[in-house]
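Open the model in your viewer and keep the selection tool at hand. The tour goes stop by stop.

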Amino acid sequence: MRTLCIVICLLCLACGRKEVDPQVLIQEHAVAQVAAIRANILRNCESDVQEAAVARADSLLLDRARRMRRIAGRPPKPGRPGAPPVMELSEPLPLRPLFPFEIRFDTLLRDSLLQDSLRLDSIYQDSLLQDSLLRLE
């Protein structure tokens, strides 16, 4: 019985009128609008990028097809008289990564190599600048 009274009192208090802060409503509405606008801009940007990529890929494929059509059916270009025969590989070379595993996944080594290359590049640029200044004198 006691719990029933407590539950009824709580239900009566919960049904009371809530105070609504207009600033909070405005802020929530503004956040929702900004999120919708950002999503719309992002969607438009992605579709523009995709359309440009498709157009570029299509134009590259068409250009390649035109070039292939121009040379289709032609005999191979003859070699120069007296030129040594073209050497061919006895077996194909195995594929291997451009950069070794250690450089690709060791961030400290990769950053160190980048810093070294930037340093060497700046030294090279500085020496070119000094050489050009010496020539002007």
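**Stop 1: Arg119 and Asp116.** This is a predicted model. Select Arg119. Its relative accessible area is 48%, so Arg119 counts as partly exposed. Show the side chains. Arg119 and Asp116 form a salt bridge, with 2.9 Å between the closest N and O atoms.

Why do Arg119 and Asp116 lie about one helical turn apart? Both sit in helix 4 (residues 107-136), and they are 3 residues apart. In an α-helix there are 3.6 residues a turn, so residues three or four places apart point the same way.

**Stop 2: the whole chain.** Zoom out and colour by secondary structure. How many helices and strands does the chain have? There are 4 helices and 0 strands. Along the sequence the pattern reads α-α-α-α.

The accessible surface of the chain is about 14100 Å². Carbon and sulfur atoms account for 64% of that surface. Then colour by burial. Of the 137 residues in the chain, 0% are buried.

**Stop 3: helix 2 from end to end.** Select residues 22-71, which make up helix 2.

Step just past helix 2 to Gly73. Here the backbone takes a positive phi of about 85°.

**Stop 4: Arg67 and Asp63.** Go back into helix 2 and select Arg67 with Asp63. The two are 4 residues apart, about one turn of the helix. Their side chains meet in a salt bridge, at 3.5 Å from N to O. Arg67 has a relative accessible area of 42% and is partly exposed. Asp63, at 35%, is also partly exposed.

How many salt bridges does a search of the whole structure find? The search finds 2. You have visited the Arg119 and Asp116 bridge, as well as the one between Arg67 and Asp63.

**Stop 5: a positive patch.** Select Arg66, Arg69, Arg70 and Arg74. Together they form a positive surface patch. Centre the view on Arg69, which lies in helix 2. Is Arg69 buried or exposed? Its relative accessibility is 63%, and exposed means over 50%, so Arg69 counts as exposed.

Methods:
Residues numbered from 1 in each chain as written. Predicted model: local features only at pLDDT ≥ 70, side-chain atom pairs only at ≥ 80, totals over all residues. Heavy atoms only, no water. Expected span 1.5 Å × (residues − 1). Buried < 20%, exposed > 50% of the residue type's maximum accessible area, 1.4 Å probe, protein only. Areas by Shrake-Rupley, 256 points an atom, 1.4 Å probe, with all protein chains shown as cover. Patch = residues over 30% accessible without salt bridge, like charges linked within 9 Å, V, L, I, M, F, W, Y side chains within 5 Å. Salt bridge = Lys/Arg side-chain N within 4 Å of Asp/Glu carboxyl O. Lys, Arg positive; Asp, Glu negative; His and termini not counted. Charge placed at Lys NZ, Arg CZ, Asp CG, Glu CD.
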